[in-house]
Structure formats: C-alpha cells, structure tokens
Amino acid sequence: MDVYLLPAAMRELPPPWHDLTYRRSQALEALAPAEERREQARHVLRACLPDRRQSVHDWDEERRDFYDDRDDHTLDEADAWLTRIMPTTSQVTRERMVQVVGAWADMGIPTVPERPTEQWVDRVAAEWAASVRQVLAYDAFAFIERATTAGLLSDGEAEDAALLAAAFVRVGVAVEAAVRLLVSLGRPRGEQALMELVHDDEVRDFRPYVRSRLLGLRRRVYDVRAREVPRDEEPLLPEGLQGLPHSWQNDFGWGATAPDSQSLAQARSALEACLTVERVPDDAQMCSDAPADCSAIAEVVRALMPYPRLVTRERMNEAWRECQSLGFEFRGIDAGRFAKVWCIRIVDRVTAAVFRWLADLPQGGGAAGDKEPAVLSATALWAADLAERCVRCGNAVQEAIWFLHRTDDVPGSREVLARLAFDPSLPVTTRNAAQEWSP
C-alpha cells in the first residue's frame, strides 16, 4: 500500500492550490484577491503549517553542490521529474518518489546511490514534502500580501494573517514570504508581530532577518525623532563637534568641501574635540547575537542621531531602550555604558572622515587655486601632530596613518611615521601599518 507524504488537508486542496506545476503560479496571478479567494489562501496556510519546526532543504543538497559549477540542464531536468510524476498534492506519495529516484538513477545523477536504501528514499521523500509545504505557503502569503497592498483585508483577516505568518516563521517554513506579509500589514499589527518574533527563542537563526525587516518599519519613527530640534537635552559630544554639518548617513564624509581657511579650521577643531572624549574599552560583542547582526544597533543609533549635534543623553537612552525592544540582550552594559561606547564609535568615525578628507587635499603652494596657499600648506604641520595623538589613543588609526603617508613629503609627517613605526609601546598592527607607509 502506498504511503502519502502530505496530510489529508493538503491532499484535498482546491484548484489551483493543489497543482504543483508551473500552472499554479499562472492561475494565481490571474485570480482577483476577492474575499472567498483570500479565505482560501489562509486555508492553504493552515493546511501547510507543520506541527513542529522544520529544516527545509532542496531534495538533494549534495546533488546541487555537485552541479553548481556545471553548465548543463541536468539539475532542471531532475527537478522536472518531481512534478512530472507528482503533479498534484494528492499524488505526493512514497511510491511515486521511488519512481522519481529511478528516473534520477537512469539520468546518471552521481549522488543517487546505485541501490538506494529505504532510509535514503525516506530522507529525500521528507525533503520533497517539506519543499511542497514551502512553495505553497510562499504563494499563499504572496496572494494575501497582494490583497493587503490593495487595502482589501478586514481587521479580522489581517489579525488571522498575522497569526499565521508568525506561526510559519516559528517553524522555519516560507519565512521570507511570511515576514514580507507582516511588513505589508504595517503598524501596529505587523510591527507588533515582528516585535514578538525577535524576542522568541523559537525564531533562532531567522532573528537577524526578522529584525532587519522590523527596522524598516520602525525607520519612520526614527526619522521623525531625528527631525526634532534638541531642547533641554544634554549633549554628549564636545562643542567642537556639534557644529559639524556632515551626516552619519554619509559616514560623516566631507565630500567636495573646499579647503579654505574656514573648513580647515573646522577640521582642526573637530580633531581636537575628538581627542578630548574619554576613551572607554569598546566591547565589540555588545549583545548575545552574532557581531554581524549587532550592526542593527548602529542602524538605530545612526537613525536617531544622524548628526553630531543630535547626540544627546536623552536620545542615547532612547536608542538603548529601542535596541532592547528589538530583542538585543546586552551583556553587562547599562544605558550609561552604552552611551559612552557609541560616543567613542561616533568620534572614531568623525576622526576617520576628517583624515580621509585631509589626505585627499592637494599639498603645496598652488593647492587652493592660489587663494590661500599658505594656509593649506601649513595644514600638514598641525594635522601631523593630531594624527600622531589619534594613533596613540587608538582613534581612526588606519586613516591617520594614511594621512601621514599622503603628506610624507612634509618633514613633520615623515618624523611622526618613523616614531610610530618603531615605538614598542604601540600594538604590533599599528607599528606594522606605520612601517608599511614609511618613506
């Protein structure tokens, strides 16, 4: 007796949902998202939702790895056998999977055993069944998302759709499509569901993706706050930085700022101000998530405080609370330490941007179009001293050394590079960088 690989609810899906061929997608595109069809899509999701978390694989990852670098159509042909022998959900059975395996063997697929064991067939059959759940759920979410975008969902439908989407994320099936639907539901329903998911241990390795999409929804809130002028707020950066017009969105870059006496004086003032900020140990692993995901913290801080003048105690506290609401679990870092660490990171970015700008300025008598050559020529003298001080305190080390290299025709820069290159009190990486660029 043949064994069905899908539950009865999936085997009995109405057309076009039961169709596992390309015709399903074509039919769904032609369907208007009327109320009856929307309910049908939610029924598909309920039928496809597994009762436990699944790891969805393609039917044979080893086979796919083997063909990744080969320019032929064997992979597509092998996939085609699946829907050729099992074109509908009611035909997804173990016996038909055995037929597919036989076709693969006849094709000479190298990862198919010469004599497939029962266990091997069972594994491939389970992966195919999981893939069927995935593709049908993906299409159902896309159908509902289309209706959501058109503003057709009632409150009850939206609530049901949000619950289904969150459930699929928790079991690891059709995660991207489910999260896209939650994003399309917007605030407050979709946002609340995403907030709950980033705190849910069941989400596991999908948390960074869920959080990234949640940040997209929260962006409007951050932008509104960033446009508010600070009133009765405590600034956390020195006065010499508060007047900088350059945005963190552009990495505080100075761009095409002309090197006149005013901009050079502002650059000097900014560097001197950066050196007054107290350095604290910067624990790069600020949370229990992977370091790459912690870049989301930077996104929150940057969005709330895109300019140095907006870096205040109150906004840092808001950023701290926001990061906690996004599911970050900080390790022994309170709001005060959080503010200190991020002030240092902002200062380092500002310092790096100033040295990049200074390094790109032409040096010499005609550097400023003969308008203020003396002022520009003297830049390397004071900047070399500030570059050395920044390197010694660990602030924008690479950019400061690069500036010294770019201006090594000036005795002061050459002398600083020489000192840095052989100072045993400095880290080896710093000495090596200075040695690399010493003339």
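**Figure 1. Overview of the predicted chain.** The chain holds 21 helices and zero strands, where helices (H or I, at least four residues) and strands (E, at least two) are DSSP runs numbered from the N terminus. The model is predicted, so local features need pLDDT of at least 70 and side-chain atom pairs count only at pLDDT 80 or more, whereas totals for chains, interfaces and linings use all residues. Residues are numbered from 1 along each chain as its sequence is written, and side-chain values use heavy atoms, with hydrogens and water left out. Of the 439 residues, 48% count as buried; buried denotes under 20% relative accessible area, exposed over 50% and partly exposed in between (1.4 Å probe, protein chains only). Among contacts (heavy atoms within 4.5 Å) with a separation of 6 or more, 73% involve residues 24 or more positions apart.

**Figure 2. Crossing of helices H14 and H15.** The axes of H14 (residues 295-304) and H15 (residues 313-325) come within 10 Å and cross at roughly 145 degrees. Axes are lines fitted to C-alpha atoms, for helices over the stretch in contact, and angles run from 0 to 180 degrees between N-to-C directions. The crossing is right-handed, that is, the near helix is turned clockwise from the far one by less than a right angle. H14 contributes Ile297, Val300, Val301 and Leu304 to the contact, and H15 contributes Arg315, Met316, Glu318, Ala319, Glu322 and Cys323. These residues divide into seven nonpolar, no polar and three charged. Ala, Val, Leu, Ile, Met, Phe, Trp, Tyr, Cys and Pro count as nonpolar, Asp, Glu, Lys and Arg as charged, and the others, Gly among them, as polar.

**Figure 3. Burial of helix H14.** Seven of the ten residues of H14 are buried: Ala296, Ile297, Ala298, Val300, Val301, Ala303 and Leu304. They pack against helix H11 (207-226), H15 and helix H16 (335-360).

**Figure 4. Surroundings of Glu191.** Glu191 lies in helix H10 (residues 189-198) and is buried, with a relative accessible area of 10%. Its side chain forms a polar contact of 3.4 Å with that of Arg218; such a contact is a pair of N or O atoms within 3.5 Å, and within protein one must be able to donate a hydrogen and the other to accept it, while residues adjacent in sequence count only if both atoms are side-chain atoms. Beyond its neighbours within four places in sequence, Glu191 is in contact with Gly186, Leu214, Leu217 and Arg218.

**Figure 5. The buried face of helix H20.** In H20 (residues 411-421), Ser413, Val416, Leu417, Leu420 and Ala421 are buried. Viewed down the helix axis, the buried residues of H20 fall within an arc of 130 degrees, so they line one face; the arc is that of the directions from the axis to the C-beta atoms. Their cover includes helix H18 (379-392), helix H19 (397-406) and helix H21 (428-437).
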